[in-house]
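Please keep the sequence and the model in view while reading.

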2 protein chains.
Amino acid sequence: MKQLVLICLFATLCCGQETFQPASTNVWGAEYPKVDNSGKVQFRIKAPEAKTVQVNFWGYQKLDMTKQTDGVWTITTPPQVPGFHYYTFLVDGIEVPDLNSHAFFGGGKDVSGVEIPEPGTNFYDVQNVPHGQVREIWYHSKVTGTWRHALIYQPPNYDTQIKGRYPVLYLQHGGGEDETGWIRQGRANFILDNLLASGKCKPMIIVMAYGYAGHAGKPEPSFAGKAFGSPEMMKAMQELASAFEDDMVQVLIPYVDSNFRTIADRDHRAMAGLSMGGMETFQVTFDHLDLFSYIGGFSGAAGPLVLGGRKLDVKTDLNGQLADPAAFAKKVHLLWIGVGSEEPKGMHDGLVNLHKALDEAHVQHVFYESPGTSHEWQTWRRDLKEFAPKLF
Amino acid sequence: MKQLVLICLFATLCCGQETFQPASTNVWGAEYPKVDNSGKVQFRIKAPEAKTVQVNFWGYQKLDMTKQTDGVWTITTPPQVPGFHYYTFLVDGIEVPDLNSHAFFGGGKDVSGVEIPEPGTNFYDVQNVPHGQVREIWYHSKVTGTWRHALIYQPPNYDTQIKGRYPVLYLQHGGGEDETGWIRQGRANFILDNLLASGKCKPMIIVMAYGYAGHAGKPEPSFAGKAFGSPEMMKAMQELASAFEDDMVQVLIPYVDSNFRTIADRDHRAMAGLSMGGMETFQVTFDHLDLFSYIGGFSGAAGPLVLGGRKLDVKTDLNGQLADPAAFAKKVHLLWIGVGSEEPKGMHDGLVNLHKALDEAHVQHVFYESPGTSHEWQTWRRDLKEFAPKLF
């Protein structure tokens, strides 16, 4: 009898029958989705009238769910890659967020997300260490003619050590996301808190701006109806990045430097961004090396060099700043190219080729490849964890 | 010809044909929902396979939508009351948020919201005045055994006038909402910015806490399966309010007073809340008149006195603090009871009766009735606009 109890206990502990727990991304009290240690996820949605229901992990997979007799559709997925994944349900083809999940802004809309724990990893968890704060600011931009909203991370002790001044990292979200992404999905504040507590990086301010902009009085750049990577889409992206650059240089940076205790010089100013935010980073920083000396592209960099598949021409690309690698290395303390090993081929190859071209041209840079992850937040959390310690 | 142009122009301006504009609550670039000056709303959702689709304004009305030949369901609603309204679609009975709308946390989930402008009103708009900031803090609570998240509004100039100290208003969301409600739905920061700019209130810090709590090691209080207003639900609410009170008094207030430049005494500390937050306010403040001297119940107050319909007993209710009205008026600078004129009968009558009983017992208080609004954010925005100028 005792043996049977032990066997049952063993089976329970090891075979995953009872190890499913509500996801940390769920709303208060929601039982599903549930996640187990292997990364499997159990989803539930009641839709008695529906003919087909799928769970839709954006860009990765659509999995058919099964209707139970009570009208609830269920699935236990194969193991998912650790990290944060956007998802929705497709109910007879309509995209439906899961009301059991908190909403996260991605793809231009508020959708569901599920956090798959990575065993042995806690660098983005809330831990018992001193915590920074995240501030919301509203500023009026003469460039866009609108009120703009940004989030700003201040390190622990910012309020108590009132004479301290800090370097600044400008950190941008990706296309379809917004200024909340790096906190809600990326957990950038906890990553910094944890790095700081273990003495691995310098205290810094992080500014997360709204990455969309249009020049006042002109039609807003739109991607509607433009194929991904097409010349038309790249042109709209360029217009957007140009307005974003003007707002950042003419309004946001002066605002931050006059409202926060920054060290307002190029040696203490960095910019990084993911995907579209990486493109914006390359645009802003290479136009303004008078303002920035640290540059990070997380799964994104100079647009045509990555998505267009064109080879880097050091003489002319990026304003010719790479033409003299020794001078560039003196001027730019860090040029970072990051990518996930499992990203879609065009993105992965584009970034690897950029890295190789930089190597060939003897341009000093750091190339980082996140193992096993795609164009997703786990890649960018790791980028930030490795990138931040190299700053300032 | 000129006359015809003028007539067309007049028709366009006055007859609402062309006056529908995308709602301010929409995501970037979303055309629908559209709102006109009379408060009518146009909704759209594509659901070619659905048999029935309704738009569902919570607690108010469900309106049938009409299927067009392209599979898009449409409706132009009758005029809605100005302010913020939660809504979802009901597609064959499944509750579906509108992906064109930003998500707002209410009813325990992230759902859609539509802002109906109130003509002639701008007290909660972002205006060209100095803006405060909203901070996110994370603190560990020994009471709940968890990390807790709160939002804190700091008035303009908090960072520049670094010797200034400020009074504090603790401001709570309602049941089913969370600490983000007063900013996202309530626009409390803009209300304060505007009041301050016109010299109508004193600069203050506003703390918006997460209104749910359970004592560490005990099962979380749950409302699941409990009828609204039932003794079981009131008991769960009481347990929740008790844990919330302990966290607030033992952890949050000390945290705020040691991390922000507050004036840490009862004369400079207020608490108010809406609905469930009003109940929490009455619980916390009447237990701790050593800590608070301003009390606001916005569509919510001492639970059993409102929802239970029981008449106030000044001798025993609220810890007997009202038994000596003269002493109470000396101790408590403001007791505020607010309600919307169109609230559900139980809630409206409960609050009006509480107000009458306070009058009968000669307990000094302010009664405020928001004209034409129900148990909704427009009522509470107006409460805050009238309440804040009476503080400190």
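**Salt bridges, interface and cavities**

Over all chains, a search of the whole structure finds 31 salt bridges, a salt bridge being a side-chain nitrogen of Lys or Arg within 4 Å of a carboxyl oxygen of Asp or Glu. The model is predicted, and local features need pLDDT of at least 70, side-chain atom pairs count only at pLDDT 80 or more, and totals for chains, interfaces and linings use all residues. Residues are numbered from 1 along each chain as its sequence is written, chains are lettered from A and ligands numbered from 1 in the order in which they are written, and side-chain values use heavy atoms, with hydrogens and water left out.

One of the salt bridges pairs Glu49(B) with Lys51(A), whose closest N and O atoms are 3.4 Å apart. Glu49(B) lies in the loop between strands S3 (41–46) and S4 (53–57) of chain B, and Lys51(A) in the loop between S3 and S4 (53–57) of chain A, so the pair joins two chains. Helices (H or I, at least four residues) and strands (E, at least two) are DSSP runs, numbered from the N terminus.

Between chain A and chain B the count is six salt bridges. The contact, meaning heavy atoms within 4.5 Å, takes 50 residues from chain A and 49 residues from chain B. About 4100 Å² is buried between the two chains, with carbon and sulfur atoms giving 61% of this area. Trp28(A), Leu99(A) and Trp138(A) supply 20% of the area that chain A buries against chain B, more than any other three residues. Buried area here is the accessible area (1.4 Å probe) that two parts lose on being put together, summed over both.

Across this interface there are also 14 residue pairs in polar contact, both residues being at pLDDT 80 or more. A polar contact is a pair of N or O atoms within 3.5 Å; within protein, one must be able to donate a hydrogen and the other to accept it, and residues adjacent in sequence count only if both atoms are side-chain atoms. On the side of chain A that touches chain B, the elements that each supply at least two residues include strand S12 (133–141), strand S13 (146–154) and helix H4 (231–259). S12(A) gives the most to this side, with six residues.

What space is left enclosed? Rolling a probe the size of a water molecule over the atoms shows where empty space is left. On a 1 Å grid over the protein atoms alone, a cavity is a set of points where a 1.4 Å probe fits but cannot get out, and lining residues have an atom within 4 Å of a point. Grid points are joined across faces, edges and corners, and a volume is the space filled by probe spheres set on the points. The count comes to two cavities of 30 Å³ or more.

The largest cavity has a volume of about 100 Å³. Its lining has 18 residues, of which Pro97(A), Ala103(A), Asp110(A), Pro97(B) and Asp110(B) lie nearest its centre. Strand S11 (109–116) of chain A and strand S11 (109–116) of chain B each supply at least two residues of this lining. The second largest cavity has a volume of about 80 Å³. Among the residues that line the second largest cavity are Ala50(A), Glu49(B) and Ala50(B).

Turning to the backbone, a cis peptide bond joins Tyr32(A) and Pro33(A), with omega about -5°. Pro33(A) is found in the loop between strand S1 (21–22) and strand S2 (34–35) of chain A.

Technical notes. On a 1 Å grid over the protein atoms alone, a cavity is a set of points where a 1.4 Å probe fits but cannot get out, and a pocket is an open set with protein on both sides within 12 Å along at least five of seven lines; lining residues have an atom within 4 Å of a point.
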